[in-house]
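This briefing is for a reader meeting the structure for the first time.

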Amino acid sequence: MPCFEYFGLLEDMADVVDLPEDGHSRPPSERDTYEYENPAKKWDGLGLPSPEEEARLGKLKRKPPKSKPIDRIYWTWINAKKSPKTRVWDDWSHRRDARLIRNAGNDPRGRAFEKKFIKDHGLTSKDWICQKEVIFTDPDTGIPYRRQLDAYHEKSGRIIEIKSNGELTETQKPKDRAWAKDPKWKGTSWQNVFAEPQKPATREFLDKQRKIAETNGRKVTSYDYTSDKIEKAPAGCAPTTLASTSAAKAPCGVRYTSKDMQAPGRPGTTGGGANDSIRESRPTPKAMQEFLKRKNMANPGLSPRGPGGVDFTTLELRYVGKPVKGKGLDYSYSAKEDSSEQSGRGGKAKSQLISDAFLTWLSLSPEKFWVNLNPDQPDKIMDAKFSKTDAGRVLLESDLELKKDFTQAANPTKYPGADTYWKSLPRNDKGQPCWFQVRQWIEPKEAVVRGEKGGIHILDTPLSVKAQYLKIDNMPGNPYLCDFNEAQKKATERRMNRLIMPEVEKRVNTSPRYADLRRVYTARVAAEFIRQQDAKTPTDYHKLINSNDVSAMPLRAPNQDWTREKVYRAYLESLKKGEESWEHDAGGGPYTFSVGGVDFSKQPKRNMNPVRFRVEHRNLPKQTHTSVKTLTDNAKDDGNLIAIGRQHRHQRRRQRWGRWGRPHSDPHPDGQAHRAPVDPGPGPVHSGQRERPHPAASDQGPGRRPRRHRNRRSCGPGRLTQRHPARCGRGAAISPRSRHWWHLTLLRSLVERQWLSGRAPKGCCRSSWAGHR
């Protein structure tokens, strides 16, 4: 069947299509999205059936009717557990996420990307045939293979294989090898198109395939037409959000919901890149590997990129939108990518920590954001309410790690800077270097942010480690103390901050042991922004700010029994036994004690200027918009991903009528002037033909105009008042807004003409038109 008929597109008479050469990859600035509907996604929050429900369904010999969708789903799973071949699906969450939802989305996703590629590249002449069945015969074995071609050009013999992921299935490979050898297909060419980066095994296969094809007089190429998928649940009715619905009647589905970053009392959100990835994340490496194994078993070679490629241990908050009361909050995470697809564990715990920390920074007043480990101050470890939150726990545990890292960085046998430092210290009467009693602490450096459309991109959140002389009375052991005069104190402080502290600061900003500290600090930056916005206009967080109510952010498992006193006792034990020991020609040792804390009471930040932001992060706003709905790459930093969770907005946007009846959108929700996004409806008009739809708005990115093919002119509203749209030139792109204005202008002209000529019915038109004016 011709591709334009198969996908419901308009036939294009052009017969020559320019496609990229071999190895071409789509530039990040051109990357867009495509949408599809997964009919099973509406069940992503369906929990286990009750024991009574499972027993009842287990007795049924036939599958329940379609009118009872939940019973049908559970019945299939219960019977799969009984069969030896499918007993591996005994875990309900594996069955739901890896089999039920994934399998149902494969065909719609593949078809949607095929349609997008066909439309974007104009493969709509009658010679382009889609889903053509052919036979390839391997001359070496004589085995015939039946193959379905995604797109085939009958005149040139060009074959295009379109994949919505980055992988060729094992069942396709022998068929493709047969084409490369079959003498009947000599002179044809084959191009593989991928929506995601190619997997290593696929790249290796294509390299071999090129050599075989060249030997037999044909050509194999590849094209990475990278596009982000947006998977949607069926629309039409509102699903329930119950976690377990064994007895519920839910014809519209049961959605997985998340309350991350939500003000207490607000409803949860469904869908979004973060929600989908975090839902499939498992808590432990073993559980995650088991899930990935089941997913690959259910979808060999068909699965798109998922949570296995996200290293959630590096998850951080990187964007928050403008908080508008009643409309929720947009927010974005970033995380490192694991190309081996073997990560993905711990997503729920890390996102929960970020959310709890964000709400903690809002609920407590800033003077409580400190911790302190000092043998002289056992009663000033941290604020009592702060100690009942995971944010407080992370700060205190990081402070203890800081003390241990300081003693390592001060080891002269490991670091040249420490050796220089020890040799510079004053000596006691025994010739031993005097220990410089010091307090060190972690505090924020200036965070780099960029405001954009009422929200902020959190670009950099460095932390600083400071050291300062402090007299300690209750030091255990023999600390080799001396009396320092003021000049010696200042000089020794400078040497310590220059020779030892840079190594400690490096660890705080890069070591995985401080990842949770960096996570909660980026949440601190976001919370401070929300505080500032709420001071201007009340938001959903207004009642929470400075309420000192942390009941919604308790210590989570496995730290529910954690106390600040446990950490303090561990600190005293470290002081007593020591962390490092060394022999040094300066004499003395080991020196193992220090005091200090973490102070996040202040949050300095600097707004990056717009020119630098456009240069260094040109694609970031577009990527953030895309990641509202799906997982996407960070075009600036290789090896990074962006996932986002978003509060769905239910309020309908109204329209007001201008003077001449032309519809105008309401002001932007952010209260800022903006160019309204072009409606994705019918666009190019060919003379004598029906209107041809443009790619969907999600394919274009935010605020982009409809894509136009080469040599096609644009018809603006000014030209429409003088000439008919169909005469504005072949292939002219006309937005529905311009077309609507043309219709209203024409109607107004006809009405006024009737009225002026006296042919209008009495009591008609004039008053009506005046009302429109």
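Trp185 has a relative accessible area of 12% and is therefore buried, since buried means under 20%. The model is a predicted one, and it holds 20 aromatic pairs as well as 42 salt bridges.

**Aromatic rings**

- Trp185 forms an edge-to-face aromatic pair with Tyr152, with 6.0 Å from centre to centre and 70° between the planes.
- This pair links distant parts of the chain, for Tyr152 belongs to strand β4 (residues 144-153), while Trp185 lies in the loop between α5 (173-181) and β6 (189-194), 33 residues apart.
- Tyr152 also counts as buried, because its relative accessibility is 11%.
- The rings of Trp179 and Trp190 form a tilted pair, because their centres are 5.1 Å apart and their planes stand at 55°.
- That pair also links distant parts of the chain, with Trp179 in helix α5 and Trp190 in strand β6, 11 residues apart, and both Trp179 and Trp190 are buried.
- Trp179 has a charged neighbour too, as Arg218 lies over the face of its ring at 5.7 Å from the ring centre.
- One aromatic cluster is formed by Tyr34, Tyr36, Phe113, Phe117, Tyr223 and Tyr225, and the charged end of Arg26 sits over the ring of Tyr225, 3.9 Å from the centre of that ring.

**Salt bridges**

- Arg282 and Asp97 form a salt bridge in which the closest N and O atoms are 3.2 Å apart.
- Arg282 lies in the loop between α7 and α8 (285-298) and Asp97 in helix α4 (residues 92-120), so this pair ties together parts that are 185 residues apart in sequence.
- Arg282 counts as buried at 8% relative accessibility, and Asp97 counts as buried at 0%.
- Glu280 forms a salt bridge with Arg279, where the closest N and O atoms are 3.9 Å apart, and both of these residues are buried.
- Both bridges belong to a network of salt bridges that links Arg96, Asp97, Arg102, Arg279, Glu280 and Arg282.
- Glu503 forms a salt bridge with Arg507, the closest N and O atoms being 3.1 Å apart, and because Glu503 and Arg507 are four residues apart in helix α13 (residues 501-510), about one helical turn separates them.
- Within this pair, Glu503 is partly exposed with a relative accessible area of 22%, whereas Arg507 counts as buried at 11% relative accessibility.

**Helix α15**

- Helix α15 (residues 564-577) has 14 residues and reaches 20 Å from its first C-alpha to its last, close to the expected 20 Å.
- The buried residues of α15 are Val567, Tyr568, Tyr571, Ser574 and Leu575, and they lie on the same side of the helix because they cover an arc of only 115° around the axis.
- Arg569, Lys576 and Lys577 are exposed on the other side of α15.

**Backbone features in loops**

- The peptide bond from Ala557 to Pro558 is cis, with omega near 10°, and Pro558 lies in the loop between α14 (515-536) and α15.
- Met261 has a positive phi of about 65° although it is not a glycine; this residue lies in the loop between β8 (228-232) and α7 (273-280) and counts as buried at 1% relative accessibility.
- Lys453, likewise not a glycine, has a positive phi of about 55° and lies in the loop between β13 (447-452) and β14 (455-460).

Note on methods:
Residues are numbered from 1 along each chain as its sequence is written. This is a predicted model: local features need pLDDT of at least 70, side-chain atom pairs count only at pLDDT 80 or more; totals for chains, interfaces and linings use all residues. Side-chain values use heavy atoms; hydrogens and water are left out. Rings of Phe, Tyr and Trp (its six-membered ring) pair if their centres lie within 6.5 Å; planes under 30 degrees apart count as stacked, over 60 as edge-to-face and the rest as tilted. Helices (H or I, at least four residues) and strands (E, at least two) are DSSP runs, numbered from the N terminus. Buried means under 20% relative accessible area, exposed over 50%, partly exposed in between (1.4 Å probe, protein chains only). A charge sits over a ring if NZ of Lys or CZ of Arg is within 6 Å of the ring centre and within 35 degrees of the ring normal. The expected span of a helix is 1.5 Å times one less than its number of residues. The arc is that of the directions from the helix axis to the C-beta atoms. A salt bridge is a side-chain nitrogen of Lys or Arg within 4 Å of a carboxyl oxygen of Asp or Glu.
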